[in-house]
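Colleague: Please take a close look at one part of this model and describe it with its surroundings. Give the cut-offs as you go.

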Amino acid sequence: MDEEDLVVLALAVVTHDLSIAKKMLHFSEDGVLEEGDMMEKLRLAPTELRQLLYKMQDANLAVQLGTKEDEEGNRLTYWRINKDLARSFLLRKLREARDYLLKRMEEEELGEYYVCAADPSHIRLSFDEVISRMGESGLVCPICGAMLEPVDRERVVTELKEMLEILNKALRSLEGGVS
């Protein structure tokens, strides 16, 4: 993955919009953005653009360079994209995701969970939560009334391991190791 792709990916992670991330990088001169130009080119409202820029700033992917007035007296605000920090930002995000998945895998291996048999997205309860609710409603989903069923831990752990493999491969690649 080349450096420009890393920058686009990092910006997309922050902005939650790959199209905007690509356009920001494409329209920036040497990594410098002017708010008015960006509003026009991206067709964003001023508050929307500033929210994106502040998110990028919070992630250390952008820094406000300052403001100046043009000939007509309009205030121009300039930002620089921190292209050099894209790799470290992505590494940090991938490590956070890996740590989360490792914690989740440990919980899955040690615990027992129950979901709604009709729609697993309704609720997910630990064994202890099911026991504490036994007097209230029994082993039924509080949303639709369907029975609760145990989660297939082996399937979930297998999926988590697969995700961890992919994450670790991406980490090795970003760290400069073999992919």
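Modeller: In H2 (18-27), Ile 20, Ala 21, Met 24 and Leu 25 are buried, where buried means under 20% relative accessible area, exposed over 50%, and partly exposed in between (1.4 Å probe, protein chains only). These four cover an arc of only 130 degrees around the axis, so they lie on the same side of H2; the arc is that of the directions from the helix axis to the C-beta atoms. Helices (H or I, at least four residues) and strands (E, at least two) are DSSP runs, numbered from the N terminus.

This is a predicted model, in which local features need pLDDT of at least 70 and side-chain atom pairs count only at pLDDT 80 or more, while totals for chains, interfaces and linings use all residues. Residues are numbered from 1 along each chain as its sequence is written, and side-chain values use heavy atoms, with hydrogens and water left out.

The buried residues of H2 pack against H1, strand E1 (32-34), H3, H4 and E3. Contact means heavy atoms within 4.5 Å. Taking Met 24 by itself, and not counting residues up to four places away in sequence, the residues it touches are Leu 33, Met 38, Leu 42, Leu 49, Leu 52, Leu 53, Met 56 and Ile 81.

Met 24 also belongs to the largest nonpolar core, which has 30 residues; Met 24, Met 56 and Leu 61 touch the most other members. A nonpolar core is a set of buried Ala, Val, Leu, Ile, Met, Phe, Trp, Tyr and Cys residues joined through side-chain atoms within 4.5 Å. At least two residues of this core come from each of H1 (3-15), H2, H3 (35-42), H4 (46-58), E3 (75-81), H5 and H7 (153-174). H1 gives the largest share, seven residues. A second, separate core of ten residues includes Leu 101, Met 105, Tyr 113 and Val 151. In soluble globular proteins, nonpolar side chains tend to be buried together.

Two of the elements that H2 packs against, E1 and E3, belong to an open sheet of three strands, ordered E1-E3-E2 with antiparallel pairing. Two strands pair if DSSP finds at least two bridges between them. E1 and E2 (62-69) stand at the edges with a single partner strand each, so one side of each has no neighbour in the sheet. From one strand to the next the twist averages 25 degrees. Axes are lines fitted to C-alpha atoms, for helices over the stretch in contact, and angles run from 0 to 180 degrees between N-to-C directions.

Seven bridges join E2 and E3 in the antiparallel sense, and Gln 64 stands opposite Trp 79 in E3. H3, another element against which the buried residues of H2 pack, lies across E1 and E3 and runs at about 80 degrees to E1.

For comparison, there is a further open sheet of three strands, with the order E5-E4-E6 and antiparallel pairing. Here E5 (124-126) and E6 (148-150) are the edge strands, each with a single partner strand, so one side of each is left without a neighbour in the sheet. Neighbouring strands of this sheet are turned by 35 degrees against each other on average, direction ignored. E4 (residues 113-116) pairs with E6 in the antiparallel sense over three bridges, and Tyr 114 stands opposite Pro 150 in E6.
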